[in-house]
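Subject: Structure for you to look at

Hi,

Here is the structure I promised to hand over. Please open it first, then read my notes below.

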Amino acid sequence: METAFTSDSLVSLPPFVICQIWFLLLLMPLVFLTGGGVYGGAPVWMVFCSLYVCLMLTGKVRFFFVGFSVLVVLVSYAISFLYPSLLPQHTLTIAFLDSLNGVIAVTLLLSLMVVFQASLYEEENRRSREQAKEIEFLNQAQNRFFSSMSHEIRTPINTIIGLD
């Protein structure tokens with residue numbers, strides 16, 4: 001079972017994946033700028049969004065969305081740096097709690113993603129081992145067939161040419 005979509009065009013991706021990715025990449029600057037910028041919990045969520053994009057997509061589409069994600073981060077940080085008055089000012093306590101909540105939530109989500117990916121990997125390994133066993137069984141059956149056929153063909157031929 002494959003989790004990444006192996007497509008090189010945006011058109012053939014399932015609409016829900018496109019919606020999720022655009023939602024994440026367009027919502028994150030808003031959350032970043034309204035949540036205190038660098039002093040809020042949004043930076044760690046931006047890392048999570050980039051990882052999500054990398055896990056869900058492959059090929060040229062992945063590079064496009066990862067590049068777009070990096071651009072979103074750069075623009076968000078630039079706005080935060082150049083126009084600090086646009087961002088709400090957090091107290092040290094609120095900034096600490098916001099950052100802590102973000103780190104805990106992203107850690108839990110990343111852990112779930114890793115567990116899910118590991119379970120998919122284990123399932124693929126199990127299937128691969130079963131197929132290897134089946135191939136080995138078929139190989140042995142083929143060898144038995146050819147050895148018995150060889151004997152069945154050799155016996156009459158040996159009799160005809162007088163080697164028996």
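Start with phenylalanine 64 and phenylalanine 68. Both sit in helix H3, four residues apart, or about one turn of the helix. Helices here are DSSP runs of H or I with at least four residues, strands are E runs of at least two, and both are numbered from the N terminus.

Some ground rules. This is a predicted model, so local features need pLDDT of at least 70 and side-chain atom pairs count only at pLDDT 80 or more, while totals for chains, interfaces and linings use all residues. Residues are numbered from 1 along each chain as its sequence is written, and side-chain values use heavy atoms, with hydrogens and water left out.

**Overall**

The protein chain has four helices and zero strands. Along the sequence the pattern reads α-α-α-α. Of the 164 residues in the protein chain, 24% are buried. Buried means under 20% relative accessible area, exposed over 50%, and partly exposed in between (1.4 Å probe, protein chains only). Take the contacts in the protein chain with a separation of 6 or more: residues 24 or more positions apart account for 77% of them. A contact is heavy atoms within 4.5 Å.

**H1 against H3**

Helix H1 covers residues 15-34. H1 and H3 pack at an angle of about 10 degrees, and their axes are 9 Å apart. That makes H1 roughly parallel to H3. The cut-offs are under 35 degrees for roughly parallel, over 145 for roughly antiparallel, 65 to 115 for roughly perpendicular, and oblique for the rest. Axes are lines fitted to C-alpha atoms, for helices over the stretch in contact, and angles run from 0 to 180 degrees between N-to-C directions.

On the H1 side, the residues that meet H3 include Trp22, Leu25, Pro29 and Phe32. On the H3 side they include Phe64, Phe68, Ser69, Val72 and Tyr77. The residues of this contact of H1 with H3 divide into 14 nonpolar, three polar and no charged. Nonpolar means Ala, Val, Leu, Ile, Met, Phe, Trp, Tyr, Cys and Pro; charged means Asp, Glu, Lys and Arg; the others, Gly among them, are polar.

Valine 75 is also in H3. At a relative accessible area of 41%, valine 75 is partly exposed. Valine 75 and proline 29 are 46 residues apart in sequence, yet 8.3 Å apart in space, C-alpha to C-alpha.

**H2 against H3**

Helix H2 covers residues 42-56. The axes of H2 and H3 come within 9 Å and cross at roughly 170 degrees. H2 is therefore roughly antiparallel to H3. The H2 residues in this contact are Pro43, Met46, Ser50, Val53 and Cys54. Their partners in H3 include Arg62, Phe65, Ser69 and Tyr77. The residues of the contact of H2 with H3 divide into nine nonpolar, three polar and one charged.

Serine 69 is worth a click. Serine 69 lies in H3, which spans residues 59-82. Its relative accessibility is 3%, so serine 69 counts as buried. Leaving out residues up to four places away in sequence, serine 69 touches Leu25 and Ser50.

**Aromatics**

There are four aromatic pairs in the structure. In phenylalanine 32 and tyrosine 77, the ring centres are 5.0 Å apart and the planes are at 35 degrees, so the pair is tilted. Rings of Phe, Tyr and Trp (its six-membered ring) pair if their centres lie within 6.5 Å; planes under 30 degrees apart are stacked, over 60 edge-to-face, and the rest tilted.

This pair links distant parts of the chain: phenylalanine 32 is in H1, tyrosine 77 is in H3, and they are 45 residues apart. Phenylalanine 32 is buried at 0%, whereas tyrosine 77 is partly exposed at 34%.

Back to phenylalanine 64 and phenylalanine 68. Their ring centres are 6.5 Å apart and their planes are at 15 degrees, so the pair is stacked. Phenylalanine 64 is partly exposed, at 40%. Phe64, Phe65 and Phe68 form one aromatic cluster.

**Glycine 35 and the cysteines**

Glycine 35 is in the loop between H1 and H2. Glycine 35 is buried, at 17%. Beyond residues up to four places away in sequence, glycine 35 touches Gly40, Pro88, His90 and Asp98.

Cysteine 49 is buried at 1% relative accessibility, and cysteine 54 is partly exposed at 30%.

Best wishes
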